[in-house]
Amino acid sequence: MLKLSRPAIDETAISAVAEVLRSGQLVYGEQGARFETQLKEFLGVRHALVVSSGTAALHLALLALEIGPGDAVFVPDFSFPATGNVVCMVGARPVLVDVDPNSYCMCPAALEAAISAWRGPEIPRALIPVHEFGHAADMTKLMAIAARHDLTVIEDAACALGASHNGQPCGTFGNIGCWSMHPRKTLTTGEGGILASNDELLAIRLGQLRNHGMVRTEQGTFFERPGLNLRLTDIQSALGLALLPRLTGWISHRRWLADTYGKLLAPLAKEGLLSVPASAPGHSWQTYMIVLRRELPRDDIIRGLKNLCIETNLGAQSLAAQPAFRNFPPDPDTCHSRMLYQRGLALPFCESYGVDEAMQVVAALSKVLGMKSGTA
Ligand SMILES: *Cc1c(COP(=O)(O)O)cnc(C)c1O
């Protein structure tokens, strides 16, 4: 089976993890602090914190910004549901916004429309743009809208470590940036997340919230505020430290692979059977999601490909289509996100795949599409 993706963990990384296991220092410590220093440099931010997951990063960002009951938070309707779940978990109201059909990211015009149309009792407080699959959201326009409406910006850059918009790293435009290091993401620590901010007070608050609200001073240890334990272990940080130097090279390979897929898929696209994802200069290509023609039965195609030993999946969810968000019907309409949810198909894609894998996938896809569409 050709898997959707496979984390690239080399012997150096395995040795680094083994060393931590032998040391006996397993929870957040020296490795975590070193990893944070490296991430700060990589992202060009004043403060970076490692946490237990991307969801933990988003949750802590909302808590640190004191977003909760009575607040409305604008969230793109096409994402992994964690982006909206965290808003519900702090008692705020998610407002689902349609995405751009080319970038798959929050559409600035739809955001404007959603803000104008908002009549709820909750007060608009924040937006959480998602850099979907490593394609940067239009941060120039989104930041301008946020400034005009006095909204806080939390960036969900879960898929976009190493991606950029006009040369600036995704996740460094808003008040707080959040990344994931789940194995499906470009850099993995098994589970893990990153928070970044240039605001020192926010960074201090985030650090306390991830660690029981604890503060250590010369006078002793105090619990400044109620907090959680969402720390990353040093076992995980050692893995991240060993892999981070390889990230830029991996992203270059991913850009080449996306380009290769684009060329191989061109005949099928020309036939109108599918469309390939839009490229962009700073794209980090965490996922390569094509969009199938309307009438094609996507879930049958996934099964057909599985029979040919190719693992594929839908790309991301429409939050509005999930039971968890049944109380938050989108207004205005989220037609593009629904379309991408129903017709998106993520193809096998990672740094260890080359032209052979891409050809194998496209050949299988042609075969399955030929059977399903009655052409070829
Ligand atoms: C993966 C992902 C998350 C969640 O990250 P975890 O580390 O799995 O908690 C959140 N948002 C988006 C857009 C994601 O892709």
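A crossing of two helices is right-handed if the near helix is turned clockwise from the far one by less than a right angle. I kept that at hand while going through this predicted model.

**Entry 1: H3 against H4**

I started with H3 and helix H4 (residues 82–89). Their crossing is right-handed. The two axes come within 9 Å and cross at roughly 40°. Next I listed the residues that touch. H3 brings Thr55, Leu58, His59 and Leu62, and H4 brings Ala82, Thr83, Val86, Val87 and Met89. I sorted this contact by class and found 6 nonpolar residues, 3 polar and no charged ones.

**Entry 2: H3 against H7**

I then looked up the packing of H3 (residues 54–64) on helix H7 (residues 200–209). The angle is about 120°, and the axes are 9 Å apart. H3 is therefore oblique to H7. I noted a right-handed crossing here. On the H3 side I found Leu60, Ala61, Leu63 and Ala64; they meet Leu202, Arg205, Leu206 and Leu209 of H7. The class count for H3 with H7 is 7 nonpolar, no polar and 1 charged.

**Entry 3: cysteines**

How many disulfides does the structure hold? I found 0. I wanted to know why for two of the cysteines. A disulfide needs two cysteine sulfur atoms within 2.5 Å. For Cys105, the closest cysteine sulfur is in Cys170, 8.2 Å away, so the gap is too far for a bond. Cys105 is buried, at 1% relative accessibility. For Cys335, the closest cysteine sulfur belongs to Cys107, at 9.6 Å, and this too is too far for a bond. Cys335 is partly exposed, with 36% relative accessibility.

**Entry 4: positive phi**

Most residues other than glycine have a negative phi. I noted two residues with a positive value. Trp285 is not a glycine, yet its phi is positive, about 50°. I placed Trp285 in the loop between strand S13 (274–275) and strand S14 (288–292). Is Trp285 buried or exposed? It is buried, with a relative accessible area of 4%.

Cys309 also has a positive phi, about 65°, although it is not a glycine. I found Cys309 in the loop between helix H10 (298–307) and strand S15 (317–318). Its relative accessibility is 38%, so I logged Cys309 as partly exposed.

Where does Thr186 sit? I found Thr186 in the loop between strand S9 (176–180) and strand S10 (193–197). Thr186 is buried, with 5% relative accessible area. I checked its contacts, leaving aside neighbours within four places in sequence. Thr186 touches Leu247, Trp250, Ile251, Arg254, Gln286 and Glu351.

Glu224 lies in the loop between strand S12 (220–223) and helix H8 (234–243). At 53% relative accessibility, I logged Glu224 as exposed, because the cut-off is over 50%. Not counting residues up to four places away in sequence, I found Glu224 in contact with Gln208, Gly213 and Val215. I also looked up the C-alpha separation of Glu224 and Met214. They are 10 residues apart along the chain, and their C-alpha atoms are separated by 6.0 Å.

Technical notes: Residues numbered from 1 in each chain as written. Predicted model: local features only at pLDDT ≥ 70, side-chain atom pairs only at ≥ 80, totals over all residues. Heavy atoms only, no water. Axes fitted to C-alpha atoms, helices over the stretch in contact; angles between N-to-C directions. Helix = DSSP H or I, 4+ residues; strand = E, 2+ residues; numbered from the N terminus. Parallel < 35°, antiparallel > 145°, perpendicular 65-115°, else oblique. Contact = heavy atoms within 4.5 Å. Nonpolar A, V, L, I, M, F, W, Y, C, P; charged D, E, K, R; others polar. Buried < 20%, exposed > 50% of the residue type's maximum accessible area, 1.4 Å probe, protein only.
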